[in-house]
Amino acid sequence: LYGGRIAEEMIFGWECVTTGASNDIERATEIAKSMVTRWGLSEKLGPMVYGEEQGEIFLGQSMGQQKSVVSDHIAEVIDLEIRRVVDKNYAHAKQLLADKIEILHAMADALMKYETIDAEQLDQRMKGETVTEPKHWLEKQAKAAKKEKKAKRAKKVEPTKTDDEPPAKESDLKSPGEPEKA
């Protein structure tokens, strides 16, 4: 989930990181929270559910008004465990990108060229192969070429006379070899 954000940080520096990854950060945090509080994947807290869902929020009740079902101490441990999971996975993703920096650059080049890539191009790059044009790119190129060809044909068919040209003289309209009228 952090690949885009980490790539921005690695390539452009911390000061140039954008907000584009905000949804990824939100999702990663929610997954870490579920790992710790619902799925029992925290060694410190063990296989227990903490802070069970309290059902729907009704009018007059807001999220901030729901009472926590865990002690302040457990809430602090939960926060620390969520932070640990997020930090551990962020560091792991960063190391993967650092180890495969040449693939990162090649994928960035492919994205700059084709705007989007599909699974086939991703697989090619991961195998160290040259990324070929994605199918949608070929279709897009074919449509553009067809449109351009159609536009050129339309230009050839259209008369070239403009409104500010004088009307044709009768002598201009005669066929070759036809005698001139007096």
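**Exercises on a predicted helical model**

Gln-124 counts as buried because its relative accessibility is 10%, where buried means under 20% relative accessible area, exposed over 50% and partly exposed in between, with a 1.4 Å probe and protein chains only. The model is predicted, so that local features need pLDDT of at least 70 and side-chain atom pairs count only at pLDDT 80 or more, while totals for chains, interfaces and linings use all residues. Residues are numbered from 1 along each chain as its sequence is written, and side-chain values use heavy atoms, with hydrogens and water left out.

**Exercise 1.** Compare the span of helix α3 with its expected value, and find what covers its buried residues.

*Solution.* Helix α3 (residues 72-99) has 28 residues and reaches 40 Å from its first C-alpha to its last, close to the 40 Å expected, the expected span being 1.5 Å times one less than the number of residues. Its buried residues include Val-77, Ile-78, Glu-81 and Ile-82, and the cover over the buried residues of α3 includes α1 (3-12), α2 (22-37) and α4 (101-114).

**Exercise 2.** Classify the crossing of α1 and α4, and describe the contact.

*Solution.* The axes of α1 and α4, which are lines fitted to C-alpha atoms over the stretch in contact, come within 12 Å and cross at roughly 100°. Therefore α1 is roughly perpendicular to α4, the class for angles of 65 to 115 degrees. The contact is made by Ala-7, Met-10 and Ile-11 of α1 together with Ile-101, Leu-104 and His-105 of α4.

**Exercise 3.** Which element gives the most residues to the largest nonpolar core?

*Solution.* The largest nonpolar core has 17 residues, and among those with the most contacts inside it are Tyr-2, Ile-6 and Ile-82; such a core is a set of buried Ala, Val, Leu, Ile, Met, Phe, Trp, Tyr and Cys residues joined through side-chain atoms within 4.5 Å. The elements giving two or more residues to this core are α1, α2 and α3, and α3 gives the most, with eight residues. Finally, leaving aside neighbours within four places in sequence, Ile-82 is in contact with Thr-29, Ala-32, Lys-33 and Val-36.

Terms used
Helices (H or I, at least four residues) and strands (E, at least two) are DSSP runs, numbered from the N terminus. Contact means heavy atoms within 4.5 Å. Axes are lines fitted to C-alpha atoms, for helices over the stretch in contact, and angles run from 0 to 180 degrees between N-to-C directions. Angles under 35 degrees count as roughly parallel, over 145 as roughly antiparallel, 65 to 115 as roughly perpendicular and the rest as oblique.
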